[in-house]
Amino acid sequence: MRVLVIEDERRLAENVAHGLRENAGYAVDIANDGEQGAFLASTNEYDLAIVDLMLPKLSGQDLVRRWRSEGSRLPVLILTARDEKATVVSLLNAGADDYVAKPFDLGELLARAKALIRRGKGRPAPSLRVADLEINTVERTVRRGGRVAHLTPMEYRVLEYLAHRPRAVVSKEELLEHLYDYNWEKFSNVIEVYISGLRRKIDAGSEIKLIHTSRGQGYALRDESDAAAGSGGGG
Ligand code: CA
């Protein structure tokens with residue numbers, strides 16, 4: 001998952017980014033004013049934006065209004081220094097999904113961030129399931145058939161992203177965009193490595209393979225025995 005943090009207090013932005021990277025395994029980009037945030041959001045794919053309310057150049061509220069008027073469904077968590085009811089109400093009416101009042105507890109912010117990402121993907125439960133594969137997104141643990149799979153942090157990130165889009169074929173570019181920050185191009189050859197690691201740790205030894213490659217198109221996490229009348233046809 002990739003998160004955009006728009007916050008002009010640089011230390012706070014760094015702390016939030018650090019928490020998201022270390023505790024949730026997310027890729028994070030930081031913008032220090034509203035215009036830079038608007039630019040990043042229009043040029044990258046994010047799974048969540050964490051937006052300070054009072055920002056130079058363009059306020060958090062302006063950003064939310066703009067995104068919603070453009071039809072963007074990007075989940076937005078607002079950071080507000082003022083917890084006046086009127087502000088919060090108008091923020092939510094403008095299309096923000098949630099807010100946290102400063103000073104906030106980082107653990108609470110992370111929990112809210114994770115919940116918004118799950119809801120944004122249409123999977124509100126903290127645990128994702130595909131056949132006998134279970135991914136606990138709170139503890140970041142993975143089990144296949146009840147057996148714990150010991151994934152590296154990057155393998156976990158790839159798997160979690162695929163699990164949020166069950167059955168869909170996800171391109172390598174989409175994975176890279178959502179798993180890395182703005183430097184992602186330089187990682188373009190590593191996805192295959194993570195996929196083969198996942199195959200070894202999740203599929204090896206199981207009769208039903210869950211990780212599928214569509215040549216030239218991407219990867220999918222699915223239980224093919226599910227699709228009874230399967231569309232077949234190799235690629
Ligand atoms: Ca501010």
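**Salt bridges in the predicted model**

A total of 17 salt bridges turns up, counting any side-chain nitrogen of Lys or Arg within 4 Å of a carboxyl oxygen of Asp or Glu. The model is predicted, so to speak of local features takes a pLDDT of at least 70 and side-chain atom pairs count only at pLDDT 80 or more, while totals for chains, interfaces and linings use all residues. Residues are numbered from 1 along each chain as its sequence is written, and side-chain values use heavy atoms, with hydrogens and water left out.

Take Lys 102 to begin with. Its salt bridge with Glu 9 has the closest N and O atoms 3.2 Å apart. Glu 9 sits in the loop between strand S1 (2–6) and helix H1 (10–24), Lys 102 in the loop between strand S5 (98–101) and helix H5 (106–120), so 93 residues separate two distant parts of the chain; helices (H or I, at least four residues) and strands (E, at least two) are DSSP runs, numbered from the N terminus. Lys 102 is buried at 19% relative accessible area, whereas Glu 9 is partly exposed at 43%; buried means under 20%, exposed over 50% and partly exposed in between, with a 1.4 Å probe and protein chains only.

Lys 102 also pairs with Asp 52, at 3.0 Å from N to O. Asp 52 belongs to strand S3 (residues 48–52), 50 residues from Lys 102, and is buried at 3%.

Elsewhere, Asp 98 and Arg 112 bridge at 2.9 Å, tying strand S5 to helix H5 across 14 residues of sequence. Asp 98 is buried at 14%; Arg 112 is partly exposed at 29%. As for shared partners, one network joins Glu 7, Glu 9, Asp 52 and Lys 102.
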